[in-house]
Amino acid sequence: LHSFPTRRSSDLTVSQTPTKKPVPPAKTGCLVAPSSCGYPDATNTGVPKGTKLTALAGSPTIKTDGTVIDGWDTGRINIYANNVTIKNTRVTTSAYYGIYVYSGSNLRVEDVTIVGLAASGQECDVGIDAPSFVAERVNVSGCEDGFHIHDKDQVLDSYFHDPLFTSTSHNDGIQAFSGNGLMIKHNTIDMISGRETSNACIFFQPSSGTINGATIDGNLFDGGGYSVYLERSKNVSVTNNRFGQDYKYSQLNDTDSPDGVVAQGNIDDVTGGPI
C-alpha cells in the first residue's frame, strides 16, 4: 500500500479552468424513424400530403426550355430541354428510368415521388438520371438505383428505400461513373431489405479517370456490401454521416482513393460511436 502526505488547505490552489462537462453520447436508433432525428423519410419527402394531382397517361416528353411540371400523376418523364422544373408530382413506371434527360441541363426536381414497377419483363432501373440536376425532397422506391449523378449534380433532403432486387441487380442508392463538384447532403438511403445482394448506398466508380470533388455530408445510410464505396476519387469529404450496421463488408471503403478522401464526424447509428 502507498500512503500519501496530507495536504493542508493552505497548500491547495483553486483552478481557474472550469471542469469540462462530459459530452453526451449521440442519439442512436435513427433508422427506426428517420424523421424523429431530423432525417428524410416518407413523412417529409415526395408529393406533400393533400396535394391534388392531375392524371396524365403515358410517358410525357418535354422539349420546351423552362417548362414547369406541377401536380402531375404520370409515367416516365423524358426531357429534351433546359431549365425544366418538376415539382409536386408522382411518377409511376416500369420503364428503365423514372426521369431522364436525353439532352438539356439545369433540371430541378422538388417534392416528387418516383415509384418503380416491374411488369412484363420491364423494370425501373433508376429513379433519376440527368446531367446538371438538383433533386430536393425526392422519394424514390421500387427502382434498382435511386439516382445516377454527373457533373455538379446535387441530391438533397431525399429518401431512397425499398429498392427493386433481382437475381442480377447491382443496387445503389446514388451512383456516379463520372462527375465533378457533386453534392450529396442530408439524405436517407436505406438498402437493408436486400443487404446481401445490394451494392452500396453511395457508389463512386469512374468509367475512366477520376471523380474530382464531392461532398457527402449529414446523411443517414444503411445496407450494401459497403455502405459507401469510393474508387479513384479525390477531393471528397465524407462528414457527419450516420451509418447503420446492416452492411456486408464495412460501412466505408475508400482504399482505392487513399489520398483523396477526408472522413470525419461519422458515427454508428446503433452505438453512437465514431466510425
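**View 1. Phe 147 and Ile 174 are bridge partners, the latter in strand 17.** Strand 14 (residues 145-148) and strand 17 (residues 172-176) pair in the parallel sense, over two bridges; two strands count as paired if DSSP finds at least two bridges between them. Strands (E, at least two residues) are DSSP runs, numbered from the N terminus. The model is predicted: local features need pLDDT of at least 70, side-chain atom pairs count only at pLDDT 80 or more, and totals for chains, interfaces and linings use all residues. Residues are numbered from 1 along each chain as its sequence is written, and side-chain values use heavy atoms, with hydrogens and water left out.

View 2. Strands of a sheet pair through backbone hydrogen bonds, either parallel or antiparallel.

**View 3. Asp 217 and Lys 185 form a salt bridge.** Their closest N and O atoms are 2.6 Å apart. The pair links distant parts of the chain, with Asp 217 in strand 21 (residues 211-217) and Lys 185 in strand 18 (residues 180-185), 32 residues apart. A salt bridge is defined as a side-chain nitrogen of Lys or Arg within 4 Å of a carboxyl oxygen of Asp or Glu, and the structure holds seven of them. Asp 217 is buried, with a relative accessible area of 13%, whereas Lys 185 is partly exposed at 36%. Buried means under 20% relative accessible area, exposed over 50%, and partly exposed in between (1.4 Å probe, protein chains only).

**View 4. Arg 242 and Asp 269 meet through their side chains in a salt bridge.** The N to O distance is 3.2 Å. Arg 242 belongs to strand 25 (residues 242-243) and Asp 269 to the segment after strand 28 (267-268), so the pair ties together parts that are 27 residues apart in sequence. Arg 242 counts as buried, at 8% relative accessibility, and Asp 269 likewise counts as buried, at 3%.

**View 5. Salt bridges that share partners join Arg 108, Glu 110, Asp 111, Glu 136 and Arg 137 into one network.** Within this group, Glu 136 forms a salt bridge with Arg 137, and their closest N and O atoms are 3.8 Å apart. Glu 136 is buried, its relative accessible area being 16%, while Arg 137 is partly exposed at 28% relative accessibility.

Note on methods
Helices (H or I, at least four residues) and strands (E, at least two) are DSSP runs, numbered from the N terminus.
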